[in-house]
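Hi,

Here is the structure I promised to pass on. Have a look at it first, and my notes follow below.

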Amino acid sequence: MKFEEYKKSVKANADNELVNLKDFIPGITLDILYATTNNFTDEKIYNLARAYARKPVAEALKRAQLDFNKLGYGIKIFDGYRPYSATVKFYEVMKGDTTYVANPYKGSRHNRGCAIDMSLIDLKTKLELKMPTEYDAPVMESWPTAPVSDPVVRKNRDTIISVMERNGFKVYTTEWWHFDFIGWDKFVVMNIDFEELEK
Ligand SMILES: [Zn+2]
């Protein structure tokens, strides 16, 4: 979907709006690794370090942030809405292996503005909580069902998943950091970049 169509779709239904999460959610932190070369492609995929999501997704995430805050934690976002062109690029880099990247012919839930890649920080130290793996690690330990021996790491993983699932998201089968908004299927795949959204 292109920009003009997107604008029309927002007029028809306000839920279609892509919301800037940094502006919308107090205290949220961003670490948009795809706007740097420090990601699995070793290439800069985004020109701007931004995180966007559809309005109901942003609202659900705001509620989750309040729940995390009560526990002394805050959300740190690695990625949100992802233009379709970026998904095609990932797929090319992974040479068609769809275990950890979406098949571009279907489009991913990130392309619909309905998926969030994230971790948690400690509000006092601002440091990231210890999780089973790094973001985007293509290993079995990334699966949310993988065994974890360190009780602190297990508790951190349980916390991020349980709070997110209580607030309308579902963790992805192979990635503890990826959360799909329940209701993602009501939104279409888009290929609008961040610059265009901020025009
Ligand atoms: Zn993801």
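**What I found**

Let's start with Leu61: leaving aside neighbours within four places in sequence, this residue is in contact (heavy atoms within 4.5 Å) with Leu21, Ile25, Ile28, Ile75, Ile77, Ile116, Met118, Met164 and Phe169. Before going further, a caution: this is a predicted model, where local features need pLDDT of at least 70 and side-chain atom pairs count only at pLDDT 80 or more, while totals for chains, interfaces and linings use all residues. Residues are numbered from 1 along each chain as its sequence is written, and side-chain values use heavy atoms, with hydrogens and water left out.

Leu61 is also one of the residues with the most contacts inside the largest nonpolar core, along with Phe68, Met118 and Ile160; that core has 51 residues. By nonpolar core I mean a set of buried Ala, Val, Leu, Ile, Met, Phe, Trp, Tyr and Cys residues joined through side-chain atoms within 4.5 Å. Buried is under 20% relative accessible area, exposed is over 50%, and partly exposed is in between (1.4 Å probe, protein chains only). Helix 3 (residues 55-70) gives the most to this core, with six residues. Helices (H or I, at least four residues) and strands (E, at least two) are DSSP runs, numbered from the N terminus.

Ala60 is found in helix 3 too, and is buried with a relative accessible area of 1%. Not counting residues up to four places away in sequence, Ala60 touches Asn167, Phe169 and Phe181. The C-alpha atoms of Ala60 and Gly168 are separated by 6.5 Å, although the two residues are 108 apart along the chain.

Next, the metal. What coordinates the zinc ion? The donors are His110 (NE2), Asp117 (OD), Asp117 (OD) and His178 (ND1), at 2.0 to 2.8 Å. Donors here are N, O and S atoms within 2.8 Å of the metal (3.2 Å for Na, K and Ca), and water is not among the atoms, so sites may look incomplete. Along the chain, the spacing of the donors is H-x6-D-x60-H. His110 sits in the loop between helix 4 (84-93) and strand 5 (115-122), and His178 in strand 7 (residues 175-181), 68 residues apart. His110 is buried at 3% relative accessible area, and His178 is buried at 7%.

Finally, the aromatics. A search of the whole structure finds eleven aromatic pairs. Rings of Phe, Tyr and Trp (its six-membered ring) pair if their centres lie within 6.5 Å; planes under 30 degrees apart count as stacked, over 60 as edge-to-face and the rest as tilted. Tyr135 and Trp177 make an edge-to-face pair, 5.7 Å centre to centre with 85° between the planes. Tyr135 is in the loop between strand 5 and helix 5 (151-166), Trp177 in strand 7, 42 residues apart. Tyr135 counts as buried at 13% relative accessibility, and Trp177 is buried at 1% relative accessible area. Trp176 and Trp177 are edge-to-face as well, because their ring centres are 5.5 Å apart and their planes at 85°. One aromatic cluster includes Tyr135, Trp176 and Trp177, with Tyr34 and Phe194 also among its members.

Cheers
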